[in-house]
Amino acid sequence: MQLMTRSRLLRFFYNTPIESLARKTYMFFFQRVNFYTDRQTRAVMKKVLRSDSNCIDIGCYRGEILKDMIKFVPDGRVFAFEPVPANCEYLSKKFPRVDLFQVALGDEAGLANFYYDSEHPARSGLAGQKDLTDEFQVEMETLDHIIPGDMNIDLIKIDVEGAEYKVIKGGENLIKRCRPVIIFECNNGSAELYNCHPGDLFDLISKEMGLKISSMSAWLKETPPFNRNAFIECVHEEKFNNFIACCP
């Protein structure tokens, strides 16, 4: 009930000039882990991106990370993906220079049901939960189909609540060609909804695509990447939920 009240209070500031400030304040007091994760994401982007870099934000929500991404690449191109219509409408008005797509990304094209929790949007996604009653149909696409084949991508940020494997698999050609830095989540609860084991995700990223996986904090400190067992243990024991994949 308390979380519901807080979420409703935050939505009071939607589409106002102080929405971003209200969201950061909310996260600082009530979602401290996410607050520091966003700070680490910005630190990674600052270190990796050049003014003319091209990057992708998958699962933009209300554009907190997208806003900083745009600032870091004033001469580059930014692709953004957000399946929720209200959020996509908001993003299109706030960030007109972005190539914005109202689609859900996966490993195949088509139509799919999307389950949205207005009280706790982080639980929303393509894998339905019994208590999520707001259901609508979305267009499914793959990164490999949307991103031009001659476009170099330097960084991809993925926030898709458990569907990371499918999104990365759907961009396999792009990732092998460009070898971008990938910022992504992996946690037990969300991944299980898609029948994905952390080892499967590690194998896809490291063995098939040749990228090394670290926690963002470890990468920023330039410490060695995870091996397969260490990554699985890290996810199962919830030591970290947010990771970075990049060239060795």
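**A buried glutamate and a helix pair**

Mentor: In this predicted model, glutamate 141 is buried yet has no salt bridge, and the nearest side chain of opposite charge, arginine 177, is 14 Å away.

Trainee: In which strand is glutamate 141 found, and with which residues is glutamate 141 in contact once its neighbours within four places in sequence are left aside?

Mentor: Glutamate 141 belongs to strand β6, which covers residues 134-141. With those sequence neighbours left aside, the contacts of glutamate 141 are Val103, Ala104, Leu105, Gly106, Glu108, Ala109 and Ile146.

Trainee: Turning to helix α10, how many of its residues are buried, and which are they?

Mentor: Helix α10, residues 198-208, is mostly covered, with eight of its eleven residues buried; these are Pro198, Gly199, Leu201, Phe202, Asp203, Leu204, Ile205 and Ser206. After α10 comes glycine 210, whose phi is positive, near 75°.

Trainee: How should I read the packing of α10 and α12?

Mentor: Two packed helices are described by the angle between their axes and by the distance between the axes. Here α10 and helix α12, residues 228-236, pack at an angle of about 140°, and their axes are 9 Å apart. The two helices are therefore oblique to each other, since angles count as roughly antiparallel over 145 degrees, and the crossing of α10 and α12 is right-handed.

Trainee: Which residues of α10 and α12 meet?

Mentor: From α10, Pro198, Gly199, Asp200, Phe202, Asp203 and Lys207 take part, and they meet Arg228, Phe231, Ile232, Val235 and His236 in α12. Among the α10 residues in that list, Pro198, Gly199, Phe202 and Asp203 are also buried.

Key
Residues are numbered from 1 along each chain as its sequence is written. This is a predicted model: local features need pLDDT of at least 70, side-chain atom pairs count only at pLDDT 80 or more; totals for chains, interfaces and linings use all residues. Side-chain values use heavy atoms; hydrogens and water are left out. Helices (H or I, at least four residues) and strands (E, at least two) are DSSP runs, numbered from the N terminus. Buried means under 20% relative accessible area, exposed over 50%, partly exposed in between (1.4 Å probe, protein chains only). Lys and Arg count as positive and Asp and Glu as negative; His and the chain ends are not counted. A salt bridge is a side-chain nitrogen of Lys or Arg within 4 Å of a carboxyl oxygen of Asp or Glu. Contact means heavy atoms within 4.5 Å. Axes are lines fitted to C-alpha atoms, for helices over the stretch in contact, and angles run from 0 to 180 degrees between N-to-C directions. Angles under 35 degrees count as roughly parallel, over 145 as roughly antiparallel, 65 to 115 as roughly perpendicular and the rest as oblique. A crossing is left-handed if the near helix is turned anticlockwise from the far one by less than a right angle, and right-handed if clockwise.
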